[in-house]
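Please read the following notes alongside the coordinates.

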Amino acid sequence: MTLGTLFNLRCPGCDQAQPHGHLCPVCSQFLSDLGQRCALCAEPLQTTGLCGHCLQSAPDWDALHIPWRFDGLTRFLIHRYKYQRDRAAGHALLRQWHPPVHQHTPQALLAVPMHHRKQARSGFNHADDMVQFLSKSQQLPIYRDMTRQRSTRPLEGLNKAERKRELKDCFILKSPPPERVAIIDDVMTTGSTVAEITRTLKRHGTRFVTVWALARTPLSGSS
Ligand SMILES: [Zn+2]
Ligand SMILES: [Zn+2]
């Protein structure tokens, strides 16, 4: 724990006094749980297991853990983290985020790589910050040898095939990846970027990929 978090005595959701930068009990209730959802894409589902999409054509990754819907307080805290470099907001969420325990525990964590020009512009890489936090809390090493060799045009508005084409060969590896990797992302929307990262890892020997993200945008047919 850094001095910053030790002396951060306010809830990042409501600014009321709260020790150690945790969300207060009231704000905690306002994180919208995704509820019952597909195990592979986190689409809302009436039963347990997989949705129709994933049964027909499963995603490239093998497991996924996303607890919250990207709205309300969750969205507010993630925006503060990403765009205002409010690490306390992101860390408050990460403290409440618990990865599932299963036999495929990752051997290393990987942040979704940002293109170096984009990172230079923003000066803060929240994905790296998330991975560093989780590396400490989960006691897992970080795999740092994937880079993004070019930036992509915005993926919004492109269909699935166009997104796939746009991302193709976007990521390169500088060393063989571990056999079991968890990809860390803040918000999953279409999943195209993590799918391309998964394919890149698997082409180079990774066998089991878990996607860990904080929140999911409501899909409503956009997958
Ligand atoms: Zn609060
Ligand atoms: Zn699904």
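Which residues coordinate the zinc ion (ligand 1)?

1. The zinc ion (ligand 1) is coordinated at 2.3 Å by the SG atoms of Cys11, Cys14, Cys24 and Cys27. Donors here are N, O and S atoms within 2.8 Å of the metal (3.2 Å for Na, K and Ca), and water is not among the atoms, so sites may look incomplete. The model is a predicted one, in which local features need pLDDT of at least 70 and side-chain atom pairs count only at pLDDT 80 or more, while totals for chains, interfaces and linings use all residues. Residues are numbered from 1 along each chain as its sequence is written, chains are lettered from A and ligands numbered from 1 in the order in which they are written, and side-chain values use heavy atoms, with hydrogens and water left out.

2. The angles among the four donor atoms of the zinc ion (ligand 1) run from 106 to 115 degrees, and the site is tetrahedral. Four donors count as tetrahedral if all angles lie between 85 and 135 degrees. For reference, the ideal angle for four tetrahedral donors is 109.5 degrees.

3. The donor spacing in sequence for the zinc ion (ligand 1) is C-x2-C-x9-C-x2-C. Cys14 and Cys24 both lie in the loop between helix 1 (3-6) and helix 2 (25-29), so this pair ties together parts that are ten residues apart in sequence. Helices are DSSP runs of H or I with at least four residues, strands are runs of E with at least two, and both are numbered from the N terminus. Cys14 is partly exposed at a relative accessible area of 30%, whereas Cys24 is buried at 8%. Buried means under 20% relative accessible area, exposed over 50%, and partly exposed in between (1.4 Å probe, protein chains only).

4. What coordinates the zinc ion (ligand 2)? The donors are the SG atoms of Cys38, Cys41, Cys51 and Cys54, at 2.3 Å. Angles of 106 to 114 degrees among the four donor atoms make the site of the zinc ion (ligand 2) tetrahedral, and the donor residues are spaced C-x2-C-x9-C-x2-C in sequence. Cys38 and Cys51 are in the loop between helix 2 and helix 3 (52-56), so the pair ties together parts that are 13 residues apart in sequence. Both Cys38 and Cys51 are buried.

5. Gln56 lies in helix 3 and counts as exposed, at 74% relative accessibility.

6. Strand 6 (residues 180-188) is mostly covered, with eight of its nine residues buried. Strand 6 pairs with strand 3 (residues 108-111) in the parallel sense over four bridges; two strands pair if DSSP finds at least two bridges between them. Within this pairing, Ala111 has Ile184 as its bridge partner, and Leu109 stands opposite Ala182. In strand 3, Ala108 and Leu110 point one way, Leu109 and Ala111 point the other way, and all are buried. In a regular strand the side chains alternate between the two faces of the sheet.

7. Strand 6 is also joined to strand 7 (residues 208-216) by eight bridges, and these strands run parallel. Met188 stands opposite Arg216 in strand 7. Between them the chain passes from strand 6 through helix 9 (residues 192-203) to strand 7 in a right-handed β-α-β crossover. A crossover is right-handed if, with the strands pointing away from the viewer, the path from the first strand over the helix to the second runs clockwise.

8. Two backbone entries deserve a look. Arg85 is not a glycine, yet has a positive phi of about 55 degrees; Arg85 sits in the loop between helix 4 (72-83) and helix 5 (87-95) and is partly exposed at 49% relative accessible area. Gln139, also not a glycine, has a positive phi of about 55 degrees. Gln139 is in the loop between helix 7 (126-138) and strand 4 (146-148) and counts as exposed, at 71% relative accessibility. Most residues other than glycine have a negative phi.

9. Overall, the protein chain has nine helices and seven strands. The radius of gyration is 17 Å, close to the 17 Å that the globule rule gives for 223 residues, so the chain is as compact as a globular protein of that length. That radius is taken over C-alpha atoms, and the rule is 2.2 Å times the number of residues to the power 0.38. Buried residues make up 48% of the 223 residues.

Notes: Tetrahedral: all angles 85-135°; square planar, octahedral: opposite > 155°, others 65-115°.
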